[in-house]
Amino acid sequence: QPPSETQAGIKMINIAKPLTDYVIYNGRKIRLDMSFGNILRVYDVFKDDFLTDSEKAEFALALLVKNRKLPDIRALDVIFREQIETYGKKSTNNLRVVDFRQDSAYIYSSFLMDYNIDLTGQYDKLHWQKFIALFQGLSEHTKMREVMSIRARPVPKPDKYNQEYIRSLMELKAYYALDISQEEREKNFQAGLKNM
């Protein structure tokens with residue numbers, strides 16, 4: 001199963017080479033739909049609780065591959081490793097600080113503010129790796145970077161001087177909190193127990 005959008009490693013764009021929309025698998029060139037909207041659809045498939053793992057893999061291949069004949073599901077590993085595995089922004093305390101679907105309004109406004117790019121017109125055009133490079137380059141004054149900073153910011157130990165700051169930070173964290181899956185809840189609970 002491919003990594004989640006928040007667990008993948010960072011792959012940098014090499015401006016000396018053109019972006020590709022294919023992989024070579026078993027000596028065969030497999031053409032891919034690498035638009036950022038399509039990759040988000042693929043991640044949605046892997047989050048679907050009603051599909052089996054093999055169904056998720058088949059649907060993901062059907063979305064990704066442009067060739068008439070689909071490769072076997074082992075090709076997904078190559079596709080993710082070479083083309084999709086790009087962004088895994090977590091805070092230093094290993095909390096998830098971004099979700100492309102839940103944060104879509106913040107991402108949209110941030111791209112418009114920084115780059116004057118209307119993402120609604122780029123959904124099926126903008127290459128995934130270009131989208132990721134632009135996302136990683138968002139300036140500190142964008143809404144998305146502000147929200148990520150709030151989510152990642154540690155809550156200090158209370159003292160007689162910082163009660164108001166802690167209250168304000170906790171309100172902001174609650175307001176911008178991501179919905180998390182039961183699996184993530186359990187992991188966070190286990191991590192909390194371990195830290196105790």
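**Core and helix packing**

Student: Which residues does leucine 64 touch, not counting residues up to four places away in sequence?
Tutor: This is a predicted model, where local features need pLDDT of at least 70, side-chain atom pairs count only at pLDDT 80 or more, and totals for chains, interfaces and linings use all residues. Residues are numbered from 1 along each chain as its sequence is written, and side-chain values use heavy atoms, without hydrogens and water. Contact means heavy atoms within 4.5 Å. On that basis, Leu64 touches Arg31, Leu32, Asp33, Asn38, Ile39, Val42, Leu76, Ile79, Phe80 and Ile84.

Student: How many residues are in the largest nonpolar core?
Tutor: A nonpolar core is a set of buried (under 20% relative accessible area, 1.4 Å probe, protein chains only) Ala, Val, Leu, Ile, Met, Phe, Trp, Tyr and Cys residues joined through side-chain atoms within 4.5 Å. Leu64, Ile84, Trp128, Phe131 and Phe135 have the most contacts inside the largest one. Its number of residues is 39.

Student: Are H1 and H2 roughly parallel or roughly antiparallel?
Tutor: Helices are DSSP runs (H or I, at least four residues), numbered from the N terminus. The axes of H1 and H2, lines fitted to C-alpha atoms over the stretch in contact, are 9 Å apart at an angle of about 170°. Because angles over 145 degrees count as such, H1 and H2 are roughly antiparallel.

Methods. Buried < 20%, exposed > 50% of the residue type's maximum accessible area, 1.4 Å probe, protein only. Axes fitted to C-alpha atoms, helices over the stretch in contact; angles between N-to-C directions. Helix = DSSP H or I, 4+ residues; strand = E, 2+ residues; numbered from the N terminus. Parallel < 35°, antiparallel > 145°, perpendicular 65-115°, else oblique.
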